[in-house]
Amino acid sequence: MKQIRNFATSAIRHAKKSASAAKQSQLGRVSNNLSSGVVGLANVGKSTFFQAITRSSLGKPANYPYATIDPCMSQVVVQSPMLDHLQQLYGSAKKVPTSMTIYDIAGLTRNAASGEGLGNKFLSDIRQVDGVFHVVRGFRDDDITHVETNVDAVRDLTIVTDELILKDLDYIETALEQAQKTLRKPQVDRKRIQFEIDTLSKLSDHLYSGMKVTTGEWTSEEIEVINPLNLLTAKPTVVLLNVNEKDYSSNTNEFKEAVQAWIDENCPQDEMMLFSAAYETKLNELRDDPESLASYMSEFNNAGSAMGEIVDKMRAALRLVSFYTCGPKEAHQWTVREGTTAPEAAGAIHTDLQKTFISAQVYKWEDLEKQDAPLDEANLKSKGKQYRQGKAYIIEDGDVLVVKAAGGKSR
């Protein structure tokens, strides 16, 4: 395979689309059960971050590369102030939050795409997730080994991104060879296969210019070719700059400006956040000792945990939204992708509800957030704040639904 040449950058031009059109042309799996993977160079704090965000002892943080070989998986509960408020409004006996699946994936090294450092296995592990938490080291500590000898956040970002691009070029080269063989067979849809070849060639040119798939502009038809490839650089990314406690509490860091500039130039759709694996670990260790926790936090401007915001950024990157079903028994949060219709949302609750869907009664979050308990639904209805929606309705974040279905079913 050719080596990458002439790495360049590009800005992204965003076109406004309807929610339904956006759904049809979205990179990635069409699923309400999407996962994220923790990615980065070896030994930059990925497993420590994974333990902090999952509040578990999973993963194997250690001061040497390849402490993690096989990916660890855990479910992270999504913090939702909306759900807390709705539970109070409806007097629900319990609340059921949604969750996110996160994998701790072993660290990469330079030349991983060529198989060094078990690179092929680790890159394959990244291929299985839907979104990427890219952890980058932004702290100096001579006692913690760095695989590139010294700390340089922009260099590390570039190394990992280059390895992902190189591996994607491998996948595309294989797909091109297969498509060209298929084109030579009799009785095939030559127009469809040629379009696939043209799209793969366009992808290859895009990657050879040093750009991730997420930075390109692709038609709905091209995305239908791209998605089955499950490319590494087609996954939305949240860059996590791992800093020390002091930098986190002050939201400053010597690498922050350069890292943001690199993202703006090379992959502007990626989000960046500062977090401190050391600080999050200590918060978890002290959570059952309020006095010690308060004393520790006071040393660092009482900075709160970044974990909730990190999860929210990934959900936004994956274009996930939440709707709710509420009643005396429970207030339940459900996750769907942007552009989901009311029947599809009903199917997230139970497949039978999608098949027999008639309509949905909808309350909007902006009409509920300032309501006091107990909720006066009759008052909302009298003010025209109770909406009856049909099969074409697109779910919005914060919607509260009562689904009407055939056979007297409702939820």
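Which residue stands opposite Tyr363 in E12? I will come back to that after a word on the model, which is predicted, so that local features need pLDDT of at least 70 and side-chain atom pairs count only at pLDDT 80 or more, while totals for chains, interfaces and linings use all residues. Residues are numbered from 1 along each chain as its sequence is written, and side-chain values use heavy atoms, with hydrogens and water left out.

Helices (H or I, at least four residues) and strands (E, at least two) are DSSP runs, numbered from the N terminus, and two strands pair if DSSP finds at least two bridges between them. With that in hand, the residue opposite Tyr363 is Val400 in E12. Strand E10, residues 357–363, pairs with strand E12, residues 400–405, in the antiparallel sense over 6 bridges. E10 also pairs with strand E11, residues 387–389, again in the antiparallel sense, over 3 bridges, and there Gln361 stands opposite Arg388. Of the 7 residues in E10, 6 are buried, where buried means under 20% relative accessible area with a 1.4 Å probe, protein chains only.

Let me turn to the open sheet, in which 6 strands run in the order E2-E4-E1-E5-E6-E7 with mixed pairing. Strand E2 (72–77) and strand E7 (271–275) stand at the edges with a single partner strand each, so one side of each has no neighbour in the sheet. Inside this sheet, strand E1 (residues 35–39) and strand E5 (residues 131–137) pair in the parallel sense over 4 bridges, and the bridge partner of Val39 in E5 is His134.

Next, please look at helix H9, residues 256–266, in which Val259, Trp262, Ile263 and Asn266 are buried. Why do they lie on the same side of H9? They do so because they cover an arc of only 95° around the axis, the arc being that of the directions from the helix axis to the C-beta atoms. Among what covers these buried residues are helix H5 (153–183), E6 and E7.

Finally, there is a pair of helices, H2 (residues 46–54) and H10 (residues 277–286), which pack at an angle of about 35° with their axes 9 Å apart; axes are lines fitted to C-alpha atoms, for helices over the stretch in contact, and angles run from 0 to 180 degrees between N-to-C directions. Thr48, Phe49, Gln51 and Ala52 in H2 meet Ala277, Glu280, Thr281 and Asn284 in H10, contact meaning heavy atoms within 4.5 Å.

Conventions:
Buried < 20%, exposed > 50% of the residue type's maximum accessible area, 1.4 Å probe, protein only.
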